[in-house]
Amino acid sequence: MRDYEELSAFLGEWGPFQRLVFFLLSASIVPNGFSGISIVFLAGVPEHRCALPPGANLSSAWADASLPREQRGGRDVPSRCRRYRLAELANFSAQGLRPGTDVDLARLPQERCLDGWEYSRDVYHHTIVTQWNLVCDDDWKAPLTTSLFFVGVLVGSFVSGQLSDKFGRKNVLFVTMGVQTGFSFLQVFSINWEMFSVLFVLVGMGQISNYVAAFVLGTEILGKSVRIIYCTLGVCIFYAFGYMLLPLFAYFIRDWRTLLLALTLPGLLCIPLWWVIPESPRWLISQGRFQEAEMILRKAAKINRITAPDVIFDPMEMQDLDSQVQQTYSFLDLLRTRNIRSITIMSVILWMIISVGYFGLSLDTPNLHGDAYLNCFLSAVTEVPAYVISWLLLRNLPRRYSISAALFLGGCVLLFIQLVPASLQIMSIILVMFGKFGITSAFSMVYVYTAELYPTVVRNMGVGASSMASRLGSILSPYFVYLGAYDRFLPYILMGSLTVLTGILTLFLPESYGIPLPDTIEQMLLVKGIKYRHSSSSPRVSKDEEESPVILKSTAV
């Protein structure tokens with residue numbers, strides 16, 4: 001499809017047609033901004049304590065003293081999961097004894113919350129946690145719910161590319177939008193945790209599939225100069241906008257079923273886009289459907305008020321294009337040489353840790369000091385300048401230094417959080433937001449950087465393998481947040497340490513800024529610090545070429 005750019009050049013780069021495709025595809029990403037992170041409020045864990053049965057014969061003093069005390073977050077608070085044995089308390093209450101004075105509470109036997117729990121309604125009125133009592137012995141189910149969503153994302157990542165290659169970008173985009181919206185609607189009527197979680201897996205599959213389809217469709221329709229803006233700003237900014245809407249919805253809708261329904265309905269607004277967004281002409285040509293591709297380009301020319309040439313696709317030229325035979329490659333080629341093996345291993349680690357940090361901080365916002373809804377909104381707003389900064393860095397500065405600096409910023413401020421006095425709660429929130437800013441910037445840049453490191457023959461597989469590692473990181477991220485139940489600073493220490501180490505690892509990767517994209521494995525840039533045998537096939541690039549930023553525009557393909 002190398003000739004397509006030249007054949008469609010008559011359309012221009014930024015006409016009404018391109019602007020329409022840019023904004024409609026970007027808008028289709030908005031529901032993805034709140035679908036994955038919505039679990040923050042759907043599975044919010046309110047303060048809770050053991051409930052007493054209505055027929056418990058306890059005086060008010062013994063009812064107040066029925067819960068053991070424990071240390072949590074540096075404070076002495078009532079236990080969430082244990083109570084003193086009710087039969088013992090009823091006996092003491094009947095005898096008129098006073099707790100703490102006549103009876104040493106520390107010596108009393110304890111028991112689990114046999115009669116359920118009482119939940120605070122100060123922050124969350126009704127969540128899946130309160131619906132199915134996902135606390136204490138079942139508290140592992142809440143993070144597992146989030147991980148199962150990301151398992152669906154992982155599976156969707158595998159199949160979405162193959163489906164869009166076989167059935168078309170547009171068809172897969174709208175079918176998977178329907179999958180995401182339809183199964184999210186069914187979740188509203190879940191009768192138990194198991195049903196909710198299985199449906200959440202399917203929602204995750206639909207979410208990533210339509211995200212990838214919209215991403216690919218936009219890059220194939222839009223021209224070179226617009227493509228990188230679409231990839232780094234269009235898609236990401238609209239995703240952040242959807243993320244910002246989540247806490248606004250959740251603030252006014254405190255019931256999880258109603259909230260989920262409100263977050264699902266915007267997906268229906270994408271239905272009319274079927275008659276506006278075209279199929280990818282590139283994909284149609286790859287399938288030999290030249291007439292349909294030409295009709296789309298002629299319609300685009302009409303929208304742009306441009307006269308299309310009489311012949312857009314020369315049949316002989318298209319026949320020559322179809323007859324080209326390409327050598328096939330497999331995932332094993334990502335490990336064939338010592339150099340590409342090193343790049344693959346480091347890329348996998350880089351993507352996984354960045355994903356753990358990004359989703360770990362996003363899911364941890366309810367655990368920060370202050371208002372959970374405001375903290376979630378600030379976390380979303382932080383992403384907008386992060387995407388803008390990453391776009392500017394990609395245009396003007398070397399890749400590995402930019403990504404490494406962003407990771408150092410994110411990791412170091414997370415490590416500093418444990419040093420902040422408890423009285424300076426706002427400072428802790430600011431540091432978390434700076435950590436989110438750094439990691440989000442690195443996440444945005446690593447897509448372009450990874451695509452530049454791999455040669456054309458295995459580029460899709462290289463980025464796909466790295467993306468799969470990212471999904472594994474997102475599956476693990478809820479359990480980093482879960483560790484906060486044992487030590488408030490432990491998630492930040494782990495995420496901060498891993499992020500800093502990954503920032504150091506990034507410095508060993510080769511620099512790709514301003515260097516032509518490699519086409520073969522032999523042309524790949526070499527990893528720093530590894531000795532290689534001398535090869536005459538190693539790429540030689542002049543200093544002028546190395547510093548030229550113009551070549552960047554071809555990397556968003």
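Ile277 is in contact (heavy atoms within 4.5 Å) with Leu24, Leu25, Lys170, Phe174 and Leu217, leaving aside its neighbours within four places in sequence. This is a predicted model, in which local features need pLDDT of at least 70 and side-chain atom pairs count only at pLDDT 80 or more, while totals for chains, interfaces and linings use all residues. Residues are numbered from 1 along each chain as its sequence is written, and side-chain values use heavy atoms, with hydrogens and water left out.

To find Ile277, look in the loop between α12 and α13 (281–286); helices (H or I, at least four residues) and strands (E, at least two) are DSSP runs, numbered from the N terminus. Ile277 has a relative accessible area of 2% and is therefore buried. Here buried means under 20% relative accessible area, exposed means over 50%, and partly exposed lies in between, using a 1.4 Å probe and protein chains only. Phe22 is 255 residues away from Ile277 in sequence, yet their C-alpha atoms are 9.8 Å apart in space.

## The disulfides

How many disulfides does a search of the whole structure find? The search gives 2, where a disulfide is a pair of cysteine sulfur atoms within 2.5 Å. If you number the bonded cysteines of the chain in sequence order, the pairing reads 1-3, 2-4.

| Disulfide | S to S distance | Torsion about the S-S bond |
|---|---|---|
| Cys50 to Cys113 | 1.8 Å | about -55° |
| Cys81 to Cys136 | 2.0 Å | -90° |

The torsion of about -55° makes the link of Cys50 and Cys113 left-handed. Cys50 sits in strand β1 (residues 48–50) and Cys113 in the loop between β5 (110–112) and β6 (117–119), so this pair ties together parts that are 63 residues apart in sequence. Cys50 is buried, at 2% relative accessible area, and Cys113 is buried too, at 8%.

The link of Cys81 and Cys136 is left-handed as well, with -90° about its S-S bond. This pair links distant parts of the chain, 55 residues apart: Cys81 is in the loop between β3 (75–78) and β4 (82–84), and Cys136 is in the loop between α7 (128–132) and α8 (141–167). Cys81 is partly exposed, with a relative accessible area of 27%, whereas Cys136 is buried at 14%.

Two other cysteines have accessibility values worth a look. Cys270 is buried, at 9% relative accessibility, while Cys412 is partly exposed, at 29%.

Most residues other than glycine have a negative phi. Cys136 has a positive phi of about 55° although it is not a glycine. In the loop between α7 and α8 you will also find Asn133, with a phi near 50°, again a positive value in a residue other than glycine. Asn133 is partly exposed, at 27% relative accessibility.

## Glu383 in helix α17

Is Glu383 buried or exposed? With a relative accessible area of 0%, Glu383 is buried, and its place is in helix α17 (residues 372–396). The side chain of Glu383 makes a polar contact of 2.9 Å with that of Tyr387 and one of 3.1 Å with that of Lys436. A polar contact is a pair of N or O atoms within 3.5 Å; within protein, one must be able to donate a hydrogen and the other to accept it, and residues adjacent in sequence count only if both atoms are side-chain atoms. Leaving aside neighbours within four places in sequence, the residues in contact with Glu383 are Tyr239, Ala240, Tyr243, Tyr358, Lys436 and Thr440.

## The cavities

The structure has 4 cavities of 30 Å³ or more. On a 1 Å grid over the protein atoms alone, a cavity is a set of points where a 1.4 Å probe fits but cannot get out, and lining residues have an atom within 4 Å of a point. Grid points are joined across faces, edges and corners, and a volume is the space filled by probe spheres set on the points.

The largest cavity has a volume of about 190 Å³. Its lining holds 19 residues, with Pro31, Phe34, Ser35, Gln180 and Leu263 nearest the centre. The elements that give two or more residues to this lining are α3 (30–35), α9 (169–187), α10 (193–221) and α12 (256–264). Of these, α9 gives the most, with 5 residues.

Methods:
1 Å grid on protein atoms, 1.4 Å probe; cavity = no way out; pocket = protein on both sides within 12 Å on 5 of 7 lines; lining within 4 Å.
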